Amino acid sequence: MIKHAQSNPLGRRVIAAILICSTCLAILATGVQLVFDYYQGVSGIDARLDEIEHAYAESIATSLWTMDEQQTRKQIEGIARLPDVMTAELRDPADKFLMRAGVPLSSVAAANTIRRHIPIKFTERGTTDNKFQVATLEITASIDGVYAELRDKVLLILVTQTTKTAIVVLFTLFIFRRLVSRHLSSIATYAQRLDLNRLGETLTLNRRSTSHPDELDIVVTAFNDMTASIRRDVDELALYRQGLERLVEARTAELAQQVTEREDAIRRLNLEMTDRLHAEQTAREHEDRYRQVVEMSPDAITIERDGRIIFVNRGTLNLLGARNEEQVKAVTLFDMVPPEEQAIMRQQLDAILPSDGEPHSFEVKMRRFDGTPINVEIRRAIFQYDGASAIQTVIHDITHRKSYEEQLRRQALHDALTGLPNRVLLLDRMEQAIAAAERDGSTVHVMFFDLDRFKFVNDTLGHGAGDELLKTITRRMSLCARKSDTLARLGGDEFVLMLEGVDCEDTVHRLVQRLMTTICEPVVLGDQDVAVTCSIGISVYPHDAREAGTLLKYADAAMYHAKEKGRNGVERYTVEMDKRANEHLVMETHLRRALERNEFRLVYQPLLDLRSGRIAGAEALIRWQHPQLGLLTPVRFISLAEETGLINGIGEWVMRTACLQAKAWIDAGVSHLPVSVNLSTQQLTRPHFDAEVASALKSSGLPAHSLELEITESASMRNPERTVQLLNMLAAMGVGIAIDDFGTGYSNLSYLKRFPVRRLKLDRSFISDIGISAADAALTQSIIGMAHSLGLAVVAEGVEEVSQLRQLVAYGCDYVQGYYFSPPVAPESLLAMVRAGRSIDMRSLAVTDVAVSV
């Protein structure tokens, strides 16, 4: 039935009309129902929010007023678990965030939610008018459930309406087919078969006769009358046609004979004229087109015959800078080539050109008439010109292309910032230098430079300042190097200087010292003087390696060895450095699993109060019990942890472990032993770090005043505004703040005044030479006086001799740390020290003897 409907246009129209009407009614009814259900669902959510406002507002206000955070959180979480409620967020009257329950706001689509702001007001007992707004409750409810119910209803309505429409369509189609369509098809079939041979057939329909004719009967009668009329007209036309055809045949035969004779003559004449005109037109078009192309071409085009130029286009005058054609025709192509290129030009001009017209091309340098050199591509070919053989030469200017290619080659082989050779060009030159040294029996020195503390300059002053520093260092190093040396930048703050033919070690040593002195001179970046040092590693061909890549690798290893020894130094490569590199790889591999394997432990160095001579605290210091390398100090692995990003996990472990240990000391009866924990730069910049500290204190049960956090001077200035905000939050908890390694980094005293700092810790570099350097002594005394004027206590680190202690006491220093009193010890040993009363006699500055295990 469907197949028949597809072949019946009228049936399709009936079906389409029924479907359109039914669908419109169904859509209208469905839309009205869905709108009613949607508003009913949204009203239900609004009613639930009204119920929350009446049921919870007063109890939340009471909990907030009594500062019962736990009860408040339970209420907020209870609201978040109600149907359709996605998020419940509490903010104070200043719109500051207090707490939230439910899914994060960032994951909730604003278009599918209803938000209600409920003021939380507290009413004092015994009064009804005295209300205080203590917070605002923002509830975000989702209407996704309403949408889900609407989708289900839409699906049910669509299925029902589709089924009903299908039944109506099928029943209507059956009736239409039975009563109308099949008879119309019979009439159509009769009309299609009707021709002059079947005009005698009458049209009849297979249906019962009725006493009253309907529309189909009228159509049948009309068809039969029409065929009868057509049959009569056809008979008359047949008789007329026969007579006319006889007359036409006679006259046509006569005219056809005459026309044929004339057409033959005209056809022959036209063919001859057309061929001649076409040939002439084609020749003129080809010649004009060729001349136009040649004259308009920007390339120089010349025609030579017997070694002489007989034709030049306008492009030749422009390219060669000639005044006129005669100036070009008076010379040959060979005359326009510079002397150094004449051999190549002669070879190419003497080459035998293919006789089939295939062009011969080559590239060469030419000289314009004003003497300007240009790079050109020349194409020469034999062709016919004015009826004789000639050579056509096309000269294309490729000067810009050659310049661009040279620019690309330079970019591929040079550093974009400094213009120095990059690693690719350096290795190529190293291989050439090694090949020359192998022939001459000489040496090749490879010096690997790395700027110390360059990352700090980038972090504090910005990458623009860092780039300017690199360019300044590049200029200084270039002035120190010879023209025959190769200075390259490998990336970041790494440079390489390759020396060829220098066999005297004293010469190399003097050059290294000159380079280090030059690099260490201060550089003005903006309004600040910045001084950086460098670490240098040296490898030598053929003593250390015979391959360029290996020499560079060994120089790099030597440079890292210089950094590990304290930076600002020079190291020659040795075989042991390979072992250190392997050790570095082993350490990185094991460091990733050290926390899981519980390989870290903390030792504690006592903090001595110089007023009483007694222990007043302890600094937690991490140690790594490496399974292969033994007990490692932080110098061996902290920088590696910062490079790999593991410092955050290690720092969190140190803080939690130190808090637990300090609480254990309190439980053991020692309540005056606060613990200090060092923070890394990455910890200081982590979001919600204050929450991590609060969590460590809460989980350990340690009072906040028993914890002190130490940050380096440089780390505090990385983002000073953020640091001020974070330190104020920590100080508000009661946590102490100390500036570690004071005097070794970049700082700003205006920010130092804003930091909630309790203590400054003088770096051990000041203390080590305090007895022999008047400058260090004066600087130490000045820092102590400045700190006291700011109300800060001073801790001197690295005190190892009684003379140092005596001077610090004289300067008014408050606390000291160092091996003179005690090295870092196990927590049990520190507890034994405190219980045994280990101290310093402030009159004799002698240490009381108490045996402890380190």
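**Close-up views of a predicted model**

**Figure 1. Residues of helix α24 meet residues of helix α25.** In the contact, A777, T780, Q781 and I784 of α24 meet Q807, L808 and Y811 of α25. By class, this contact holds four nonpolar and three polar residues, with no charged residue. The structure shown here and in the other views is a predicted model. Helix α24 spans residues 774-789 and helix α25 spans residues 802-811; their axes lie 10 Å apart at an angle of about 40°. The two helices, α24 and α25, are therefore oblique to each other. The crossing of α24 past α25 is right-handed.

**Figure 2. Helices α10 and α14 cross at roughly 115°.** The axes of α10 (residues 423-440) and α14 (residues 548-564) come within 9 Å. Helix α10 passes α14 in a right-handed crossing. On the α10 side the contact is made by R423, L426, L427, M430, E431 and I434, and on the α14 side by A548, G549, L551 and L552. Seven nonpolar, one polar and two charged residues make up the contact of α10 with α14.

**Figure 3. A cis peptide bond joins Y541 to P542.** The omega angle of this bond is near 5°. P542 lies in the loop between strand β15 (534-541) and helix α14.

**Figure 4. Cysteines of the model are shown without disulfides, of which a search of the whole structure finds zero.** C534 is in no disulfide, and the nearest cysteine sulfur, that of C520, is 5.6 Å away. C534 is buried, with a relative accessible area of 0%. For C21, the closest cysteine sulfur is that of C24, at 6.8 Å, which is too far for a bond. The cut-off behind this reasoning is that a disulfide requires a pair of cysteine sulfur atoms within 2.5 Å.

**Figure 5. S676 is a buried residue of strand β20.** Strand β20 comprises residues 675-678 and includes S676. The relative accessibility of S676 is 5%, so this residue counts as buried. When neighbours within four places in sequence are left aside, S676 is in contact with A618, E619, A620, E708 and E710.

**Figure 6. M67 has a positive phi in a loop between two helices.** The phi of M67 is near 60°, a positive value in a residue other than glycine. The loop that holds M67 runs between α2 (9-65) and α3 (69-80). M67 has a relative accessibility of 73% and therefore counts as exposed.

**Figure 7. H688 has a positive phi in the loop between α18 and α19.** Phi of H688 is near 65°, again in a residue other than glycine. The relative accessibility of H688 is 62%, so H688 counts as exposed.

Key: Residues are numbered from 1 along each chain as its sequence is written. This is a predicted model: local features need pLDDT of at least 70, side-chain atom pairs count only at pLDDT 80 or more; totals for chains, interfaces and linings use all residues. Side-chain values use heavy atoms; hydrogens and water are left out. Buried means under 20% relative accessible area, exposed over 50%, partly exposed in between (1.4 Å probe, protein chains only). Axes are lines fitted to C-alpha atoms, for helices over the stretch in contact, and angles run from 0 to 180 degrees between N-to-C directions. Helices (H or I, at least four residues) and strands (E, at least two) are DSSP runs, numbered from the N terminus. A crossing is left-handed if the near helix is turned anticlockwise from the far one by less than a right angle, and right-handed if clockwise. Contact means heavy atoms within 4.5 Å. Ala, Val, Leu, Ile, Met, Phe, Trp, Tyr, Cys and Pro count as nonpolar, Asp, Glu, Lys and Arg as charged, and the others, Gly among them, as polar. Angles under 35 degrees count as roughly parallel, over 145 as roughly antiparallel, 65 to 115 as roughly perpendicular and the rest as oblique.
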